[in-house]
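Please walk through this structure from the whole chain down to single residues.

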Amino acid sequence: MRAQFVLSEIGVGLRRNLTMTFAVIVSVALSLALFGGALLMREQVSTMKDYWYDKVNVSIFLCNKTDAATAPKCSKGAVTGQQKEQIEADLKKMDIVENVHHESADEAFKHYKEQYSDTAIASVITPDQMQESFRVKLKDPEKYKVVATAFAGRDGVESVQDQRNILQNLFDLMNGMNIAALGVMGLMLIIALMLIVNTVRVSAFSRRRETGIMRLVGASSFYIQMPFIMEAAFAGLLGGAVACVLLLVGRYFLIDHGIALADKMQLVNFIGWDAVLAKLPLVIAIGLLMPAVAAFIALRKYLKV
């Protein structure tokens with residue numbers, strides 16, 4: 001009987017405040033969709049870092065005849081055969097080095113022509129202008145500074161470059177988008193909480209006569225507050241469900257179909273459906289608990305029982 005009464009009161013409350021309840025559902029859905037999207041974006045950045053950082057190399061560029069005349073670090077002349085042998089030997093002795101590949105000037109010229117054959121400068125570049133280099137694969141890409149410290153400034157070395165820096169701007173951009181999404185989510189969350197508090201206040205005011213009667217017949221505070229809390233929780237649950245649908249639809253159209261980023265950006269290792277599905281229970285839980293807690297706190301002020 002008590003459960004039936006509570007459920008009937010929830011239905012009455014939702015019908016009386018239908019417009020505000022709808023606003024709560026929409027604001028909760030948008031804020032939780034942004035929250036889930038931010039979590040997925042962070043996981044995507046982490047996945048991309050793990051994928052690409054495992055493939056990038058440290059490049060040690062060696063001085064050539066052209067550099068000897070123009071680059072201060074190559075003032076002692078082009079790299080000698082003995083210097084190259086010593087650099088390669090020292091690299092192979094390092095525990096953090098997985099493998100070392102020497103790229104000759106001719107190989108560098110060939111790769112350059114393959115990549116930039118349609119540019120004007122490609123027709124005037126000659127093999128002797130290209131730099132020899134050692135492409136070093138590290139066991140831990142984070143240990144780049146160990147190699148840089150050991151070889152930067154050595155005779156015959158023009159520069160030591162970490163290819164991770166090429167990717168860092170992309171990751172910084174994605175992290176910035178993630179922060180922006182979290183900021184918008186925070187704003188939407190505040191709006192949702194304000195709507196929940198206002199909805200509870202209006203609902204409590206419209207049913208002040210019923211609550212007064214319940215107080216007179218000895219109903220407990222929890223029993224009186226329960227319909228209001230359940231109303232907010234139900235609206236939040238619907239908002240959480242809508243947010244889950246938005247996340248699933250977003251993953252479907254952005255990556256698999258529609259825009260189909262997976263087909264257009266085949267070199268990017270996108271997160272799978274398992275990552276999206278793993279976030280849905282958290283979204284549902286927050287959608288259920290957040291409005292319920294907000295309603296409970298609001299009732300302490302607007303419903304004196």
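The paragraphs below take the chain, then its sheet, then a few selected residues.

This is a predicted model, in which local features need pLDDT of at least 70, side-chain atom pairs count only at pLDDT 80 or more, and totals for chains, interfaces and linings use all residues. Residues are numbered from 1 along each chain as its sequence is written, and side-chain values use heavy atoms, with hydrogens and water left out.

The protein chain contains 11 helices and four strands; helices (H or I, at least four residues) and strands (E, at least two) are DSSP runs, numbered from the N terminus. Of its 305 residues, 41% are buried. Here buried means under 20% relative accessible area, exposed means over 50%, and partly exposed is in between, with a 1.4 Å probe and protein chains only. The accessible surface of the protein chain is about 17400 Å², and carbon and sulfur atoms account for 63% of that; accessible areas come from the Shrake-Rupley method with a 1.4 Å probe, and for residues only the protein chains shown count as cover. Contact means heavy atoms within 4.5 Å. Among contacts between residues at least 6 apart in sequence, 81% join residues at least 24 apart.

Next comes the sheet. Its four strands form an open sheet in the order β2-β3-β1-β4, with antiparallel pairing; two strands pair if DSSP finds at least two bridges between them. β2 (97-103) and β4 (157-162) are at the edges with a single partner strand each, so one side of each has no neighbour in the sheet. From one strand to the next, the twist averages 15°. Axes are lines fitted to C-alpha atoms, for helices over the stretch in contact, and angles run from 0 to 180 degrees between N-to-C directions.

Strand β1 (residues 58-62) is joined to strand β3 (residues 133-138) by four bridges, and the two run antiparallel. Ile-60 is opposite Phe-134 in β3, and Ser-59 has Arg-135 in β3 as its bridge partner. With β4, β1 pairs in the antiparallel sense over five bridges, and Ile-60 stands opposite Val-160 in that strand.

How do the side chains of a regular strand sit? They alternate between the two faces of the sheet. In β1, Val-58, Ile-60 and Leu-62 point one way while Ser-59 and Phe-61 point the other way, and all are buried. Because five of the five residues of β1 are buried, the strand is largely enclosed by the rest of the structure.

Helix α4 (residues 81-93) lies across β1, β2, β3 and β4 and runs at about 0° to β3. Helix α6 (residues 144-151) also packs on the sheet, where α6 touches β1, β3 and β4, and its direction makes about 175° with that of β4.

Arg-251 belongs to helix α9 (residues 221-256). Is Arg-251 buried or exposed? Arg-251 has a relative accessible area of 9%, so the residue counts as buried. Its charged end sits over the ring of Trp-273, 4.9 Å from the ring centre; for this, NZ of Lys or CZ of Arg must be within 6 Å of the ring centre and within 35 degrees of the ring normal. Leaving aside neighbours within four places in sequence, Arg-251 contacts Asp-256, Ile-271, Gly-272, Trp-273 and Val-276.

Rings of Phe, Tyr and Trp (its six-membered ring) pair if their centres lie within 6.5 Å, with planes under 30 degrees apart counted as stacked, over 60 as edge-to-face and the rest as tilted. By this rule there is one aromatic pair. Tyr-252 and Phe-253 form it, edge-to-face, at 5.1 Å centre to centre and with 85° between the planes. Tyr-252 is partly exposed at 34% relative accessibility, and Phe-253 is partly exposed with a relative accessible area of 44%.

Two further residues complete the tour. Thr-199 lies in helix α7 (residues 164-206) and is buried, with a relative accessible area of 11%. Its C-alpha atom is separated by 8.9 Å from that of Ala-295, 96 residues apart along the chain. Pro-127 is in the loop between α5 (105-116) and β3 and is partly exposed at 30% relative accessibility. Not counting residues up to four places away in sequence, Pro-127 touches Ala-105, Asp-106 and Phe-109.
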